[in-house]
Amino acid sequence: MAFVSVTAQRDAGNSAATFAIQFEDRNLNTQVFSVSTSAFALGTLTAVQIPIPGWTGGFSPSQITGWSIGGGGVGTTPFRLTFDHLALNTT
């Protein structure tokens, strides 16, 4: 896999600086990728590709069992994005 492809838009009131996606494999190893929320247009769906430079030791990308998305800080920063599509891509 070469990148994570995300189609989303920034919504009014978003003040989170970062969008992050965390993957978890069957052995509970995690891998996080992130990008600035400014990569997503305000009010318009935007396709953004987040490069996957490599996987951390022990993480098995063929055994992904869960994922979560987010940004900002816990209870401190409004994270307001609308998502349309998320995919792992090879090219």
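This is a predicted model: local features need pLDDT of at least 70, side-chain atom pairs count only at pLDDT 80 or more; totals for chains, interfaces and linings use all residues.
Strand β4 is part of an open sheet of 3 strands, whose order is β4-β1-β6 and whose pairing is antiparallel. Because β4 and β6 (81–89) stand at the edges and have a single partner strand each, one side of each is left without a neighbour in the sheet. From one strand to the next, the twist of this sheet averages 25°. Strands of a sheet pair through backbone hydrogen bonds, in either a parallel or an antiparallel way. Here β1 and β4 run antiparallel and are joined by 6 bridges, and within this part of the sheet V6 stands opposite V48 in β4.

With that setting in mind, T46 itself can be considered again. T46 counts as buried because its relative accessibility is 18%, a value that falls under the 20% limit for that class. Leaving aside residues up to four places away in sequence, T46 touches V6, T7 and A8, and also A39, F40 and A41. One of these residues, T7, lies 39 residues from T46 along the chain, yet the C-alpha atoms of the two are separated by 5.3 Å. The side chain of T46 also has a polar atom that lies 3.0 Å from the backbone oxygen of T44.

A second open sheet, again of 3 strands, has the order β3-β2-β5 with antiparallel pairing. Its edges are taken by β3 (30–36) and β5 (64–70), and since each has a single partner strand, one side of each is left without a neighbour in the sheet. Neighbouring strands of this sheet are turned against each other by 15° on average, if direction is ignored. The antiparallel pairing of β2 with β3 extends over 7 bridges, and F19 has V35 as its bridge partner in β3.

The side chain of N14 reaches the backbone oxygen of A16 at 3.2 Å. When residues up to four places away in sequence are not counted, N14 touches T37 as well as P78, F79, R80 and L81.

Conventions. Residues are numbered from 1 along each chain as its sequence is written. Side-chain values use heavy atoms; hydrogens and water are left out. Buried means under 20% relative accessible area, exposed over 50%, partly exposed in between (1.4 Å probe, protein chains only). Contact means heavy atoms within 4.5 Å. A polar contact is a pair of N or O atoms within 3.5 Å; within protein, one must be able to donate a hydrogen and the other to accept it, and residues adjacent in sequence count only if both atoms are side-chain atoms. Two strands pair if DSSP finds at least two bridges between them. Helices (H or I, at least four residues) and strands (E, at least two) are DSSP runs, numbered from the N terminus. Axes are lines fitted to C-alpha atoms, for helices over the stretch in contact, and angles run from 0 to 180 degrees between N-to-C directions.
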